[in-house]
Amino acid sequence: MENERSPSRRTAGGRRVRAPPAAPPFTRATALAKVRAAEDAWNTRDPARVALAYTPDTVWRNRDVFLTGRAEVTAFLAAKWRREQEYALRKELWAFGDDRIAVRFQYEWHDADGQWWRSYGNELWEFDPHGLMRRREASIDDVRIDAAERRIHGPRPAGEPGGTGEGAGGGTDGGAELPLR
């Protein structure tokens, strides 16, 4: 999350330093920042960088795969992004509590045969007091699409709304622009 792409600030000497990750209890603003940082990090497709957002003993369920620890997460992500080529993700805040965040997401990718897929999912996140994710549960479904049906083309451009509460529908979930289908 913020560990991968933290907001930065400049010191008095003009040097950039990484801000610490947002930590519980979450506000709407810090929950939205976590979601956007996660989206940005996952779109790098850098397993080692993404894994830094999780506690060393993190526990995951991703579909039907159960993982424990950063090493397993890193290996899982490396295999995932070898299989899911040209992966591009959008995440949206669904709900949050003191140390928990729920998101919905969609990502598109193609397999080794060139078949495009859109994956729809929901994630439940739980954080430690320092803002690292200690638990992640993801439920994901894949839908075959034609290349012409794609709507996610690479990381979210800076001006594209979403993940920040600026969705087209003006709703409170920040995700009005992610269509259901």
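In the predicted model, six strands form an open sheet of mixed pairing, in the order E4-E3-E8-E7-E6-E5. Strands (E, at least two residues) and helices (H or I, at least four residues) are DSSP runs numbered from the N terminus, and two strands are taken to pair if DSSP finds at least two bridges between them. Strand E4 (65-68) and E5 stand at the edges with a single partner strand each, so one side of each has no neighbour in the sheet. On average, neighbouring strands of this sheet are turned by 20° against each other, direction ignored. Axes are lines fitted to C-alpha atoms, for helices over the stretch in contact, and angles between N-to-C directions run from 0 to 180 degrees.

Residues are numbered from 1 along each chain as its sequence is written. As the model is predicted, local features need pLDDT of at least 70 and side-chain atom pairs count only at pLDDT 80 or more, whereas totals for chains, interfaces and linings use all residues; side-chain values use heavy atoms, with hydrogens and water left out.

Strand E6 (residues 100-110) is mostly covered, with ten of its eleven residues buried; buried denotes under 20% relative accessible area, exposed over 50%, and partly exposed in between (1.4 Å probe, protein chains only). On one side, E6 runs antiparallel to strand E5 (residues 85-96), to which nine bridges join it. Within this pairing, Glu92 has Arg104 as its bridge partner, and Gln85 stands opposite His110. Three residues separate E5 and E6 in a hairpin.

E6 also pairs with strand E7 (residues 116-127), in the antiparallel sense and over eleven bridges.
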